[in-house]
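Here is a short briefing on sheets, pockets and contacts. Please read it alongside the sequence and the model.

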Amino acid sequence: MVLTPRQLFLKHQAQTSDFPLLLEIERAEGVYMYTPEGRPILDLISGIGVSNVGHRHPRVLAAIHAQLDKYLHLMVYGELVQAVPAQLAEALHRTLPAHLDSVYFTNSGTEAIEGALKLAKRHTGRTELISCLNAYHGSTHGALSITGSEDFKNSYRPLLPDVRHLRHNNFTDLALITGRTAAVVIETVQGEAGVRLPTPYYLPALRRRCREVGALLILDEIQCGYGRTGTMWAFEQYGIEPDILVCAKGMGGGMPIGAFISTTEIMSGFKTNPILGHCTTFGGHPVSCAAALATLQVMQDENLAAGVAEKAARFRAQLRHPSIRAVRSSGLLMAVEFDSFDVLKPIIDRALAHEGILTDWFLFCDNSLRLAPPLVITNEEIDAACAGLLRAIDYVAGG
């Protein structure tokens, strides 16, 4: 008997919950995914912040196809000169402050966090790492260690020692950053906490405190970077610059890639004591880098970040309902708050089953609906999305 993809998925593919969506997708394009029956699903979460330029953007596909005709994997990271990764590194540098001139490519955001943590320890000679409560930085051991949720960590201890947490937006807690601190890792905009923006002057004060004690500032823009908040990098809106920047998700146009970016001086620590201080086999894979370079060029040529604020305002103007308690937004990273998860989950289910709209909640804020559509979403698609969500809310609110 030949098993269906759904049966194979349940029988042999490792699961991470007892209630996967089990939504089978045959193809995707733009802001839509399509089931085998041809039913369109409006993607309002972009694969969790990945498909910023939409699914299967033609220029991204063309870049992938062009690279496939040349070569795939050749050698472990950093040994051979390959045109596309080098061009991508230079293109990223042009979007950043001049001192951030050295790019280390990884396969994912959590791998980029791991590299950034090692780099901070290597450069400072210190061991203490500080992050924020309710922060999410990934699931590998180091990234999990600095994630600010005990519920996610307790089953996997022991994790990294010498980790402390600050309360986000709490100025008093900045005193916890001392001469023992190797780095402070913070999301420029907290994502899984339910889109929590820094209050005025908080990030500049954090930046000053790190400089005072010689700690590095690592900005995690895995979810909030790459135009999602209305500028290429979210930190541009807050008058600060990091020592290390971490990115992933939206940079690959749907292909797996991440990076941590720092100064040549700081990054040079990986070259000695020991040599090859940080290694990866597939980091900087030429196909992923080709997709990422095309993605960056699309964002720049189509000026996608410039349209984010207006599109976010269009969502906010329409998402008004007695059941909605608040709408938090940093560009097209949005959280629509309800009374509880018990209220929210039926809305999510109704929107998917009857409106063809895919949404989600946040790991550390499960009473809030996640909205992070592709940046290419049109006004007409926004209007249709809001109308469908409001119908789902009406249905659940009406019992």
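Ser 330 stands opposite Leu 333 in β12. Strands β11 and β12 (residues 333-337) pair in the antiparallel sense over five bridges; pairing requires at least two DSSP bridges between two strands. Helices (H or I, at least four residues) and strands (E, at least two) are DSSP runs, numbered from the N terminus. This is a predicted model: local features need pLDDT of at least 70, side-chain atom pairs count only at pLDDT 80 or more, and totals for chains, interfaces and linings use all residues. Residues are numbered from 1 along each chain as its sequence is written, and side-chain values use heavy atoms, with hydrogens and water left out.

**Four-stranded sheet**
- β11 and β12 belong to an open antiparallel sheet of four strands, in the order β11-β12-β15-β14.
- Its edge strands, β11 (326-330) and β14 (360-362), each pair on one side only.
- Neighbouring strands here are turned by 35 degrees against each other on average, direction ignored.
- Helix α12 (residues 341-355) lies across β14 and β15 (365-371) and runs at about 30 degrees to β15.
- Contact means heavy atoms within 4.5 Å. Axes are lines fitted to C-alpha atoms, for helices over the stretch in contact, and angles run from 0 to 180 degrees between N-to-C directions.

**Seven-stranded sheet**
- An open sheet of seven strands has the order β4-β10-β9-β8-β7-β5-β6, with mixed pairing.
- β4 and β6 are the edge strands, each pairing on one side only.
- The twist averages 20 degrees from one strand to the next.
- β4 pairs with β10 (residues 258-262) in the antiparallel sense over five bridges. Thr 106 stands opposite Gly 258 in β10.
- Helix α8 (residues 202-213) packs on this sheet and touches β5, β6, β7 and β8 (216-220). Its direction makes about 165 degrees with that of β7.

**Largest pocket**
- The volume is about 1600 Å³. Of its 47 lining residues, Thr 16, Ile 48, Asp 360, Leu 363 and Arg 370 are the closest to its centre.
- α12 gives the most to the lining, with five residues.
- By class, the lining has 23 nonpolar, 14 polar and ten charged residues.
- On a 1 Å grid over the protein atoms alone, a pocket is an open set of points with protein on both sides within 12 Å along at least five of seven lines; a cavity is a set where a 1.4 Å probe fits but cannot get out; lining residues have an atom within 4 Å of a point.
- Grid points are joined across faces, edges and corners, and a volume is the space filled by probe spheres set on the points.
- Ala, Val, Leu, Ile, Met, Phe, Trp, Tyr, Cys and Pro count as nonpolar, Asp, Glu, Lys and Arg as charged, and the others, Gly among them, as polar.

**Second largest pocket**
- This pocket holds about 760 Å³. It has 34 lining residues, with Tyr 77, Gly 78, Glu 79, Val 103 and Tyr 104 nearest its centre.
- β4 gives the most to this lining, with four residues.

**Cavity**
- There is one cavity of 30 Å³ or more. The largest cavity holds about 40 Å³.
- Its lining includes Gly 49, Glu 221, Tyr 226 and Cys 247.

**Salt bridges**
- The count is 18, taking a side-chain nitrogen of Lys or Arg within 4 Å of a carboxyl oxygen of Asp or Glu.
- Arg 180 forms one with Glu 128, the closest N and O atoms being 3.0 Å apart. The two residues are 52 residues apart in the chain.
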